Amino acid sequence: MTPRSALNRSLLALAGLVLLGGGLLILFAGLDLYRRHDLAPPAGWPLTTPADVLLGSADRARWSSQGWWWWPAVIAALALTALLALWWLLAQLSRRRPGSLPVGGTPPQEGVELRDRALSDAIANEAGALPGVGHAAVLITGRPAHHRTRIKLTLTPEGTPGATLGALCEGPLSTARRSTGLIDMPTEVRLQVSRHGPHRVE
């Protein structure tokens with residue numbers, strides 16, 4: 001899980017809890033469940049009966065007497081909250097993956113596109129078949145004009161990083177460049193060694 005996805009899930013969970021709590025509070029008061037089921041809400045608990053309001057006349061008069069700045073401050077806070085919510089929503093709607101990549105070549109193939117999933121699967125399959133590679137995972141991120149290829153290779157105990165990187169550049173990545181006609185393919189490669197149990201010598 002990336003930090004961005006973790007933050008998004010945390011914000012969604014927090015917003016969901018706030019909405020759920022507010023909805024239950026209104027539901028309990030609107031249906032008069034406290035009186036019907038002989039429940040005693042905590043002291044100062046808002047909205048305990050159907051006749052209760054969230055902001056009574058006394059509260060409105062008290063806050064209005066604070067001065068002229070009170071209502072502009074409330075409006076500014078609400079506007080800022082709305083803008084932050086809109087910014088967050090637009091950030092979620094923006095694509096983090098290119099979706100499809102234009103296929104170049106000589107001459108360029110107009111109207112021909114390649115799905116990023118198909119390209120990443122092809123690179124992963126070819127990279128996984130390299131000597132010394134036990135598993136390969138490929139993810140293409142970014143926009144079509146500024147995409148980035150992230151490759152994660154799990155090496156076997158017999159694999160060597162230098163030879164594997166050379167084979168990766170000359171094999172799967174070279175094939176991807178020829179197939180798509182993309183000369184510039186920014187690539188990030190992460191290597192890790194698969195775990196294996198200790199060898200027993202008799």
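Asp32 counts as buried, with a relative accessibility of 10%; buried here means under 20% relative accessible area, exposed over 50%, and partly exposed in between, using a 1.4 Å probe and protein chains only. The model is predicted, so that local features need pLDDT of at least 70 and side-chain atom pairs count only at pLDDT 80 or more, whereas totals for chains, interfaces and linings use all residues. Residues are numbered from 1 along each chain as its sequence is written, and side-chain values use heavy atoms, with hydrogens and water left out.

Asp32 is located in the loop between α1 (3–30) and α2. Helices (H or I, at least four residues) and strands (E, at least two) are DSSP runs, numbered from the N terminus. Although Asp32 is not a glycine, its phi is positive, at about 55°. Most residues other than glycine have a negative phi.

Asp38 also is not a glycine and has a positive phi of about 55°. Asp38 belongs to the loop between α2 and α3. Asp38 is exposed, its relative accessible area being 71%.

The loop between α2 (33–36) and α3 (57–64) also holds Thr48. Thr48 is buried, with a relative accessible area of 19%. Residues up to four places away in sequence aside, Thr48 touches Ala29, Asp32, Tyr34 and Pro41, where contact means heavy atoms within 4.5 Å.

A further buried threonine is Thr149, whose relative accessible area is 0%. Thr149 is part of strand β4, which comprises residues 146–155. Apart from neighbours within four places in sequence, Thr149 is in contact with Val138, Leu139 and Ile140, and also with Met185, Pro186, Thr187 and Glu188.
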